[in-house]
Amino acid sequence: MQGFTYDALPGRVVFGHGTFRQLPEEVVRLGLERALVLATPQQLREAERIAATLGGRSVGVFAEAAMHTPVEVTERAMAVVAARGADGVISIGGGSTTGLGKAIALRSDLPQIVVPTTYAGSEMTPILGETAQGRKTTQRSLKVLPEVVIYDVDLTLTLPAGLSGTSGINAIAHAVEALYSRDANPVISLMAEEGIAALARALPGITADPLDRAARSDALYGAYLCGVCLGAVGMALHHKLCHTLGGTFDLPHSETHTIILPHALAYNAPAVMPALARIERALGGPDAPRRLYELAATVGAPRALRDLGMPESGIAEAAAIAMANPYWNPAPLEKERLAALLSRAWEGAPPA
Ligand code: NAD
């Protein structure tokens, strides 16, 4: 065994079916008396149902969470926190809602309980991306790491099949890059391999039957592990490209990850052989980039950036932006190769 450094992050996880019923207990455990429940407008009803289970320990719902954590929304939420004297937040939803809870925690140090309903994994990370005046910036701070995460498989049953597929592949991307991360360590690599395997096994089952509780359970477990990976070690080319594409062309988050992952892995593959072997073991056979490309088709996900509305002229622009701020990647970053990668992803061609 080679030497390694591993900064394990604190946090309590409750996982199972129907676990949202343990929320009142967790609220008492944290000593919260005035919790504000957060959601997107689309999940207002679930948020109200959750708030109702808390009786007098909830000060109601703020349901304006939006993709990429716009600071205007956070400011409105902070006004509600102050007006109602909230002493903690409960985020129920995907990465957008978790992002709002983290943005509030950054500004107030209020404790957070997160009830994730997608596979994005943000609940396990000390990372916060925020958007102000159309620009997204990302920071790491232990202040934003949630204190408690309640994974309730039953709350994921309503996640539409299409979004389940892309959200699940978004999670796989965290684990793929964790396996070849500059600061990879054997503990996180175990979680990464297990996370990829659980999701790769589960996602086709969810596409076939979104109410398949066993598949949903595997997928949420995999998403949890992949979220831990994202929070623990640094990412590389794949995440950088998705960040650039999302920010520059306003492309949807999980679909963009789903399209880019096979291509980014193909780009890095020759430089990451031991990690690749583990990814292939988790995916059940050789040629991991191709398997991920086919998994996207199996779950009915888009495979071409042009289908997300990205203009062809954006290929060169995205390659230039991705080269502009150098960052670590296992394979050298070359503008022509990046443009070729983006070009294949734009037209939906299989990975090179
Ligand atoms: P999302 O949170 O935007 O959710 C997408 C839509 O699905 C929303 O309308 C939501 O209300 C709805 N939804 C969620 N769960 C549902 C369910 N079970 N049933 C029915 N509808 C449901 O999407 P996401 O992909 O989870 O999150 C994307 C955001 O998270 C991006 O802004 C991304 O940058 C961020 N993110 C951050 C981190 C981090 O570590 N900071 C990690 C991953 C993602």
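In this predicted model, glutamine 43 puts a polar side-chain atom 2.8 Å from an oxygen atom of the ligand.

**Around the ligand**
- There are 22 residues around the ligand, and those that come nearest are Thr40, Ser96, Thr117, Thr118 and Thr125.
- Threonine 117 also shows up in a polar pairing: an N or O atom in its side chain sits 2.6 Å from a nitrogen atom of the ligand.

**Helices α8 and α12**
- Helix α8 covers residues 237-249 and helix α12 covers residues 314-324; they pack at an angle of about 125°, and their axes are 10 Å apart.
- The crossing of α8 past α12 is right-handed.
- On the α8 side, the contact is made by Lys240, Leu241, Thr244, Leu245, Thr248 and Phe249, while α12 brings Gly314, Glu317, Ala318, Ile321 and Ala322.
- Sorted by type, the residues of this contact come out as six nonpolar, three polar and two charged.

**Loop residues with positive phi**
- Histidine 68 isn't a glycine, yet its phi is positive, at about 70°; you'll find histidine 68 in the loop between β3 (58-62) and α3 (71-84).
- Aspartate 109, not a glycine either, has a positive phi of about 65°, and its place is the loop between α4 (95-108) and β5 (112-116).

Methods. Residues are numbered from 1 along each chain as its sequence is written. This is a predicted model: local features need pLDDT of at least 70, side-chain atom pairs count only at pLDDT 80 or more; totals for chains, interfaces and linings use all residues. Side-chain values use heavy atoms; hydrogens and water are left out. Axes are lines fitted to C-alpha atoms, for helices over the stretch in contact, and angles run from 0 to 180 degrees between N-to-C directions. Helices (H or I, at least four residues) and strands (E, at least two) are DSSP runs, numbered from the N terminus. A crossing is left-handed if the near helix is turned anticlockwise from the far one by less than a right angle, and right-handed if clockwise. Contact means heavy atoms within 4.5 Å. Ala, Val, Leu, Ile, Met, Phe, Trp, Tyr, Cys and Pro count as nonpolar, Asp, Glu, Lys and Arg as charged, and the others, Gly among them, as polar. A residue is near a molecule or strand if one of its heavy atoms lies within 4 Å of it. A polar contact is a pair of N or O atoms within 3.5 Å; within protein, one must be able to donate a hydrogen and the other to accept it, and residues adjacent in sequence count only if both atoms are side-chain atoms.
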